[in-house]
Each structure stands twice: as C-alpha cells, then as structure tokens.
Amino acid sequence: MKISLADSKSTTQQDSKQDYVAIAKSLAQEFAATAIERDRVGGTPKYERDRIRSSGLLGLIIPKEYGGIGETWIAALQISRELAKTDSSLAHVYSYHHLGVVIPHLFGTEERKAQFYTDTVTNNWFWCNALNPLDRRATLTPDGTGFLLNGTKSFCSGSKDSDILPITAVRQDTSELTIIVIPTQREGIQIHDDWDNMGQRQTDSGSISFDQVRVYDSEVFGDRTRADIPFRTLRACLTQINLAHIYLGIAEGAFAAAKDYTCTQGRPWLTSNAPSVTQDPYILKHYGEMWVDLQAVSSLTDRAAAILQTAWEKGIDLTTEERGKCAIAIATAKVAATKIGLDVTTRIFEVMGARATTSKYGFDRYWRNLRTFTLHDSVDYKIHDLGNWVLNDQLPNPSFYT
C-alpha cells in the first residue's frame, strides 16, 4: 500500500509526530519484504530511496517557514530507529540526509540557511554525507572566480542517487578543513562503486573523485575545525545520537525477529523437560535479560535525544557547558547501544538454535550491520570521556566525533 505524507494529513488532519512515525513504520514493513535479498546483492536501493522521496519525509526537520514539516530531532531519530529495525542501510542513508541538510543552518548565514532549506523542499533533494574529516585528500584551491575541488573522499555514505554532496576539503591557501556543499551531478565528480563491506551493504559508502570541480563562493561554509561557537559543534553530537538510535533499532529488530522465530519454529532443549520452547527455562532467561538491556538502552537514547533537542533549540545561545553535558548524555547512550546491541545480535542465536543459521533467514545481517557501523569510531574513547567526566568533572572537548 502506498502511503504518503498527504495521505496521512488527509486522514488525521493534524501534523503530529505519530503521523510521520506511522509512515516510517509502513515503509519499514514494505522494505522488510526484500531486505534479506538486497543485503545479499548490495548496491544502491534505488526503488526504496524513491519510496522515501515520495513519502514526504525528506523535509521532516526543515522549519515550516521554509516549506518543511518543522518536526523535532526526536521525531527524526525515532523514524531512523524504526527503519533500522528492518533495514539499517536505509536508516543510514535516510538519517544522514538530515545530518547533511542542516549544514547551512549550523555553519552558514541566515540567507544561505534559508536558500538551502527552501531549495531542498522545492526540489525534494536527497542529501548524502561526504564530510569524513579524517580523509584530507580533497583540496580546494582559489582560482580568482571561486574555487576548484580536486582529490578523493572515502566513506561517502548515500552518495549514489543523491542530489547534494556536503564535503570537507583542505583549502590550499589557508590549510583549513573547509565545508562545501555542491550538487552531486556537477561536472568533474565521479562516484565509485567500491563499497564492498560485510555490513551496511546498501549504503553506497564508497569513494568519490573530484577533478577540477567548480565550487562557487556561496557553496563554501568555512572551517570545520572551529569550536569557538558551541552551536556549530553540534554536528558531531547529531551524528553520535543518530548512531545510537540506529544501533538500538538494529538490536530491537534482531530481538523481534528472534522472538518470532522462537515462537513459531523453536524447540526446547532435549534435556529441558519443558513442554514447549516458550517454557524452556534458559530460553526464558535469555529473553528476560535481553529485554532488560534493551529497555535500558531505549531510556538512555530517548533521554539523550531530548537533551539534544533542547540544545538545538537554543541555537547560537547554546553555552559550552550545555553542549558538553549534551555530549555526555549522547556518549552514554551510544556506549550502551554499542555494547548491548552487539550482545543481543549475537545472543539471539542462543535462543533460536542451529537451524536459525540457515542463510535464507538472514539473521546474521543484524550483527554484520551493527559490527560494521559500530566501528565508525572507537567506543573506548567514548568511555574514556565518560570516565574523565565522572572523576574529574571534565567535559569532552568538541571534535569531529564528540
């Protein structure tokens, strides 16, 4: 059944968060039918991306004055989490669209913020992510009439089939790591089909080459490393809370899939003397423990999302301390989502048994996707930041990842 934002509005006559979450759940149910096969083949989920385009959800967090829906980050994160339960690759590219679309808001002038928000709604643009600040092979050179972009970027999630590329490149004249935003189809851009990892296989997170690509002054947004204005360092916080929600969504999806399999196809252990699999004492133990762990992560991620939303609403008035405490709440959620998510996506096989490893079920994709995505940055350093906060009252310094 095709569901769009317009359908939801005509039915409920209100723009509530639940309308958009309902659309996301319907999309997730639709995507689930092909998720296992698409995970096997990899590549670009073109049809599914177009379904997201037609859903109206690309304008979710764009303020209403620019033609968007004007929803909160809480809603956006919940939608990404719903998609991740069945297809974390699509949750990945959808969520990174939002992380891209707010770049002019965070780093640009009011005029450019308005321009990019309005143009995104008008053209239904799908943004991607080519920032990767650790890869500094792309260079930006002034040429008198603007700039020329050359080099390569890696881990460019969602780049294929995108409309807009946010990129970081090193300015040759100042050595600054500079943010730019350009159309994906501009002459001189080549997106390589070289993403071949064990997980997140439909995120198109490969590399892009740039050969004398024209960049105009209005597309340059300044130094990515500046941390003197706390609000402009929220991009890292947004990334981290987004990851926590997707990790949790993957774990919740794995748990739900395991429960369904256990109840419909599982068997009690031969020495358990249990009349059915749902009465096996050790299977009950595993499910009870996983349930408690997931509820804990859910509470932490919901709390962190609420704190992030408050920080976002403060805008340029956000203080260093407020930003730091937001980062602590998010790091706490992300560490928990990482550890418990990896445990749950492995532990489900304990409650399903050997037959559940049959390839047709695709249960391994939950662990593969989560393990791939959780290597985005080291959880050990998040734990270090938390320990430094607990013992020394030291808030983490803003960086690309904190």
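Thr139 stands opposite Val170 in strand β3, a placement that belongs to the parallel pairing of β1 (residues 139–142) with β3 (residues 164–171), which comprises two bridges. The model is a predicted one, in which local features require pLDDT of at least 70 and side-chain atom pairs count only at pLDDT 80 or more, whereas totals for chains, interfaces and linings use all residues. Residues are numbered from 1 along each chain as its sequence is written, and side-chain values use heavy atoms, with hydrogens and water left out.

Helices (H or I, at least four residues) and strands (E, at least two) are DSSP runs, numbered from the N terminus, and two strands are taken to pair if DSSP finds at least two bridges between them. On this basis, seven strands form an open sheet of mixed pairing in the order β5-β6-β2-β1-β3-β4-β7. Neighbouring strands are turned by 25° against each other on average, direction ignored, the axes being lines fitted to C-alpha atoms, for helices over the stretch in contact, with angles running from 0 to 180 degrees between N-to-C directions.

Within this sheet, β1 and β2 run antiparallel and are joined by four bridges, with Pro142 opposite Phe147 in β2. The two strands form a hairpin with four residues between them, and Gly144 in the turn has a positive phi of about 95°. Strand β2 (residues 147–153) is largely enclosed by the rest of the structure, because five of its seven residues are buried, a term that denotes under 20% relative accessible area, with exposed meaning over 50% and partly exposed in between (1.4 Å probe, protein chains only). The pairing of β2 with β6 (residues 208–215) is antiparallel and extends over six bridges, and Gly151 stands opposite Phe210 in β6.

Among the helices, α5 (residues 73–84) and α9 (residues 234–265) pack at an angle of about 35° with their axes 7 Å apart. The crossing of α5 and α9 is right-handed, meaning that the near helix is turned clockwise from the far one by less than a right angle, anticlockwise being left-handed. Residues of α5 including Trp73, Leu77 and Arg81 meet residues of α9, among them Leu238, Ile241 and His245, where contact means heavy atoms within 4.5 Å.

Thr239 also lies in α9 and counts as buried at 7% relative accessibility. Leaving aside neighbours within four places in sequence, Thr239 is in contact with Tyr96, Leu99 and His376.

Aromatic rings of Phe, Tyr and Trp (its six-membered ring) pair if their centres lie within 6.5 Å, planes under 30 degrees apart counting as stacked, over 60 as edge-to-face and the rest as tilted; by this rule the count comes to twelve aromatic pairs. One of them is the edge-to-face pair of Tyr261 and Tyr361, with 5.3 Å centre to centre and 80° between the planes. This pair links distant parts of the chain, with Tyr261 in α9 and Tyr361 in the loop between α11 (320–352) and α12 (364–374), 100 residues apart. Tyr261 is buried at 3% relative accessible area, and Tyr361 is buried at 18%.

Helix α12 is largely enclosed by the rest of the structure, because eight of its eleven residues are buried. These buried residues, which include Tyr366, Leu370 and Phe373, pack against α3 (35–41), α6 (88–101), α9 and α11.
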